[in-house]
Amino acid sequence: MRIAVTGSIATDHLMTFPGRFADQLVADQLHTVSLSFLVDNLDVRRGGVAANICFGMGLLGTEPILVGAAGSDFDEYRAWLDRHGVDTGSVRISEVLHTARFVCTTDADHNQIGSFYTGAMSEARLIELKAVADRVGGLDLVSIGADDPEGMLRHTEECRSRGIPFAADFSQQIARMDGDEIRILLEGATYLFSNEYEKGLIESKTGWSDEEILSKVGHRVTTLGARGVRIERAGQEPIEVGCPEEEIKADPTGVGDAFRAGFLSGLAWGVGLERAAQVGCMLATLVIETVGTQEYTLRRAHFMDRFTKAYGHEAAAEVRTHLA
């Protein structure tokens, strides 16, 4: 099963200021702020929702196709993804813009000042999925994640017109979208991904009830934080899957992306929805135990031991036959 994942490709530049921002602010001079902070360290992490999802799928051996836009500074990042089983042949490289970048400084009180540079991500709207499909011999599913909004709309419309099944996954972009855009992006989706808060926001912005949305998508996949995930289909009982026990809670960033990576990998293997969700929850647990969205490792024996403990021998036997 050939799965393409569209969405952002970015790097995070994270710095730490040992003092307090509040101590540097003068109340009657806030209209003319001019500050510079001497920081202690710089942590550069690979990120972007599409790249994060593809990284996880690559570790699971399902050879995902990354579709997005990056800058000429993407070479090192591309090499990293290639080494971890990701097909990067459909990434558009901008001739004038850098790869999207989040730059953030955190002070001693955990307050943050950050900026997000869209950069090459704005060129995602220029990517045609037909060219991707032709290069790899067809697409069985396209996951449309948070990206340039016009790019998300174009990919959705192209999937409909070409009859390619797609998953709608707005995540961070849902805050800036209006109801009309969300209706366009979700109607006819084979899968609709969101967390609980986003689920309510989708219903509020579209004016559609939960039942109406279920009538317009094949499956509604809602992540529930520490409680796992719920999968709903119109006219059927929901499937609920819990999370494996965590060894440590280090950093929740990227947990949702990891769940999607595991779930989509399960679909690529051809296992059932419950099993795919279990793989997603297991991978998400590995990420929450690691600082960074692509810093975790997948050791087959360790993964299967924990998966067996969480979901039983029958589930583990089915997954073990697919795990690379």
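1. Asp257 has its place in helix 8, which spans residues 255-269 (helices are DSSP runs of H or I with at least four residues, strands are runs of E with at least two, and both are numbered from the N terminus). This is a predicted model, in which local features need pLDDT of at least 70 and side-chain atom pairs count only at pLDDT 80 or more, while totals for chains, interfaces and linings use all residues. Residues are numbered from 1 along each chain as its sequence is written, and side-chain values use heavy atoms, with hydrogens and water left out.

2. Asp257 is buried yet has no salt bridge, and the nearest side chain of opposite charge, that of Arg260, is 5.2 Å away. Buried means under 20% relative accessible area, exposed over 50%, and partly exposed in between, with a 1.4 Å probe and protein chains only; a salt bridge needs a side-chain nitrogen of Lys or Arg within 4 Å of a carboxyl oxygen of Asp or Glu. Lys and Arg count as positive and Asp and Glu as negative, with His and the chain ends not counted.

3. Ser94, in the loop between strand 6 (92-93) and strand 7 (100-106), is buried, with a relative accessible area of 4%. Its side chain makes a polar contact of 2.8 Å with the side chain of Glu123, and a polar atom of the Ser94 side chain lies 3.1 Å from the backbone nitrogen of Val96.

4. Leu25, in the loop between strand 2 (10-16) and strand 3 (41-47), is partly exposed, with a relative accessible area of 45%.

Notes: Polar contact = N/O pair within 3.5 Å; in protein donor to acceptor, adjacent residues only side chain to side chain.
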